[in-house]
Amino acid sequence: MTHADLRSDTLRHLEFSLGKDLPHAHVYDVRMALSLAVRDRIITPWFASTRAAYAARGKRVYYLSMEFLIGRLLEDAIVNLGLMDEARAVCESCGFDFATVLANEPDAALGNGGLGRLAACFLDSMSTLGCPGHGYGIRYEHGLFQQRFEDGVQIEEPEEWLRQKHAWEFERPEVMYGIAFGGHVRDHDGRRVWEPDEQVLAKAHDTPVIGWRGRWANTLRLWGAEAVHGFDLAAFNRGDYMGATAPEALARTISRVLYPDDTSDAGKELRLRQEYFFTAASLRDILRRFCGEHEDLAALPRHVAIQLNDTHPAIAGPELIRLLHDEHGMDFDTAEDTARGCLGYTNHTLMPEALERWPEWLMDRVLPRHLEIIGRIDEGHARAHPHRNAHILSDGNVNMGELSFIMAHKVNGVSALHTDLVKDTVFAELHRLHPDRIVNQTNGVTPRRWIVAANPALRKLVGDTIGPRWVSDLERLSELEPHVDDAGFMDAYAAAKRTNKEALARWLRETQGVTVNPAAMFDIQIKRIHEYKRQHMNILETIALWNAIREDPNGEWTPRVKIFGGKAAPGYVLAKEIIHLINDVGRVINADPVTRDWLQVVYPPNYNVTMAERLIPAADLSEQISTAGKEASGTGNMKFAMNGAPTIGTLDGANVEIRERVGAENFFLFGMTAPEVVARRTVEGHAAQAIDASPRLAQALEQVASGVFSDGDTDRYRGVVDNLRHHDFFVVCSDFDGYWDAQRRVDAAFRDPAGWMRMAALNTARSGWFSSDRTIRGYMAEVWDIAPLIAPASD
Ligand code: 26Q
């Protein structure tokens, strides 16, 4: 297809799909018309992939996830189809700036953070590799809340991405399932029969997911909830206009909003309903497809691999047994084994409070038959392992982690360290009983979005240096390595970074009204706000640095801009206090003429995928400073490394593997190891001890406590300060001096621009292993037992 084709198709859509002629078109119209013209080019490969998957009669993967953090889709599609120059030309010939058109698309924030973005990267890689499959999730009407700051305090506002038409989805009113809730289970001739008292319809909405160069496309199918009887005419006729629409409003509640917590907030009935709603609809759809192609349900595991993205879809185990046993008459034990043959479970957390548990009474009220089935699974497991000490049902709760483990044939962690800890801690007992079940699949990220789309300057340099094949074979980035000794290459590498930093500086000036010096180090920490991620350690170090510069204004300092981004769960009081503190510290420090040229704090609100695409390519330093043993993997850490930002970090999650690959000399390590953290916590008064030993930390904490950053208000930060002084479960105080020292090593290294750029380039050259293509190949071989349906790309 040529530029002329894309232009005429765009104009045709502008006229016939949008009903606009060019002179009256707004940027929205052009964006929609271009999206539809690009979407047209996905349809042929999409149909071809569907036909190839049917013809192969082989296995498909179904990735069940409560979250798909896909962000914007237009640029992604353009990049994958190789239409960048054409699309730009189309926009310009219509009188619109290309970047402005792309920026008109809402950022689809159907996820909280890492787990949701991982699902999106996996879909991209499955399509790039030709792994036949579907993503299944919920079509939330409101994605993750929008964040703004009022006097430095986080305010949440509803997200409204569906206010405009969603350009990429196809509504499928013919694919609709009734999902039942509540009621009772009765005995009918020795059979248990569920008689629910409520039904909600699940309607499918499909979005094609195009792979690199358009060689394959899978489907993301999201379920929206609707009422069986949408409108109560009798109520309307009585004049009860609110009551008339009540059934519809109630049913729609299920897919109304994404829960904004990134660690579990169990016990909310609506959340359980969401989980069952999308899991049950997906399983019905999977069985319908299977039964259209095959006869014998016992063959299900040979044709169906279902991956559970954390425990959120864990009800899939009992539901699949219910479908096979109650509805298709398979005997219970065979049904259980068949279900297990299909299911894989990915664990993303070790934190005990984050493992989902549902009160039995609640499960009984919402899903009475499932509770019975869970009881039977638990009893069966107890019979097979009489001395076991792992229960699905305990203390009146249903433990969804145990349920997922027992119902899956493979369980995986998301980094080498995390998988080891899964074996040793949360699932130690189950691992002993099933020693072959746990495997590791270290996370990865898609280079199509995180380099090709987000970092065109680097993309061009890499392409010019090693040719085009690295995009679908990222380990080829290693071919850059010999060039780090080539001054011409290194100048170009530095120029690309500089270009990105200038673009970020421009954006910060235009949107936040802050001016930053692009020659300063851009030191970035972007992720959800959580005590274990330790944004407060970063801001305390910032305060200590500010003090040090003020004491010696003529010393040898390295100019830095500390950039923060991230949202706090609305109910997480301490996380919100940390946000407030970062903003308060920024306000005071940024106004100080003595330090202004050396140190700045910037916190643009409403961090999301789009902002990440802007920040990461412009980063000099990647902050990955979680308490060792707490961050399951991290994936931002990988994106930064690829884009040439060395890490300052702890031995946590995938940092360990990043350091092994990029080389210890290109990584700023500090902090206790996971076992040292565990030991340190047992030391009585460890926090006070660490504070006493560190005058810098003591001073910074005292400044926060005494109101230096809060206009004398000594109450505002009592929560954070008292927690650090007296509890400090995440050992901020004990790791502080190590962090400070590592930052000074960073300062020194950055003062040698050539040495720093060499480090950055080696991070890029050595991070090819962190492509999600590698991760998906691992799942295909070790969890799903499935082969790709297309040959590896040769270009
Ligand atoms: C559960 C129940 C009720 C409400 C919310 C939740 C909930 C929602 C989201 C629980 C957890 C999450 C998200 C977890 C998450 O993003 N974990 C991250 O997963 C990444 C991908 O594997 C890892 O890289 C991160 O280390 C991990 O924190």
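These are my notebook entries on what I looked up in this predicted model.

**Ground rules**

I number residues from 1 along each chain, as its sequence is written. Since the model is predicted, local features need pLDDT of at least 70 and side-chain atom pairs count only at pLDDT 80 or more, while totals for chains, interfaces and linings use all residues.

**The whole chain**

I started with the secondary structure and found 32 helices and 24 strands in the protein chain. Helices here are DSSP runs of H or I with at least four residues, strands are runs of E with at least two, and both are numbered from the N terminus. Next I looked up the radius of gyration: it is 27 Å, close to the 28 Å from the globule rule for 795 residues, so the chain is as compact as a globular protein of that length. That radius is taken over C-alpha atoms, and the rule is 2.2 Å times the number of residues to the power 0.38. Along the principal axes, the C-alpha atoms fill a box of roughly 90 × 70 × 65 Å.

How many of the 795 residues count as buried? I got 51%. Buried means that 20 or more other C-beta atoms lie within 10 Å of the residue's own, exposed means 12 or fewer, and partly exposed is in between, with C-beta atoms placed from the backbone.

I also checked contacts, meaning pairs of residues whose C-beta atoms, placed from the backbone, lie within 7 Å. Among those between residues at least 6 apart in sequence, 76% join residues at least 24 apart.

The domain assignment gives domain 1 (1-55 + 73-105), domain 2 (57-72 + 107-443 + 778-784) and domain 3 (517-764). Such bounds come from an automatic or database assignment. I noted 41 Å between the C-alpha centres of domain 1 and domain 3.

In helix 12 (residues 332-342) I found Ala 335, Glu 336, Thr 338, Ala 339 and Cys 342 buried. Their arc around the axis is only 165 degrees, which puts them on the same side of helix 12. The arc is that of the directions from the helix axis to the C-beta atoms. The elements covering these residues include helix 11 (316-327), strand 13 (343-346) and helix 14 (368-384).

Helix 25 (residues 655-662) has Asn 655, Val 656, Ile 658, Arg 659 and Val 662 buried. They lie on the same side of helix 25 because they cover an arc of only 165 degrees around the axis. Among the elements covering them are helix 16 (416-424), strand 22 (621-624) and helix 31 (753-765). After helix 25 comes Gly 663, with a positive phi near 100 degrees.

**Positive phi outside glycine**

Asp 151 has a phi near 50 degrees, a positive value in a residue other than glycine. I located Asp 151 in the loop between strand 5 (146-150) and strand 6 (153-157). Is Asp 151 buried or exposed? Asp 151 counts as exposed, because it has 9 C-beta neighbours inside 10 Å.

Asn 606 is not a glycine either, yet its phi is positive, about 60 degrees. It sits in the loop between strand 21 and helix 23 (609-615). Asn 606 has 20 C-beta neighbours inside 10 Å, so it counts as buried.

**Two more residues**

Glu 226 is in strand 11 (residues 217-227). With 18 other C-beta atoms within 10 Å, Glu 226 is partly exposed. Neighbours within four places in sequence aside, Glu 226 is in contact with Leu 201, Lys 203, Ala 251 and Arg 252.

Last, I looked up Asn 500 in helix 20 (residues 487-512). Asn 500 is buried, with 25 other C-beta atoms within 10 Å. Leaving aside neighbours within four places in sequence, its contacts are with Asn 455, Ala 457, Pro 617 and Ala 618.

Conventions
Two residues are in contact if their C-beta atoms, placed from the backbone, lie within 7 Å.
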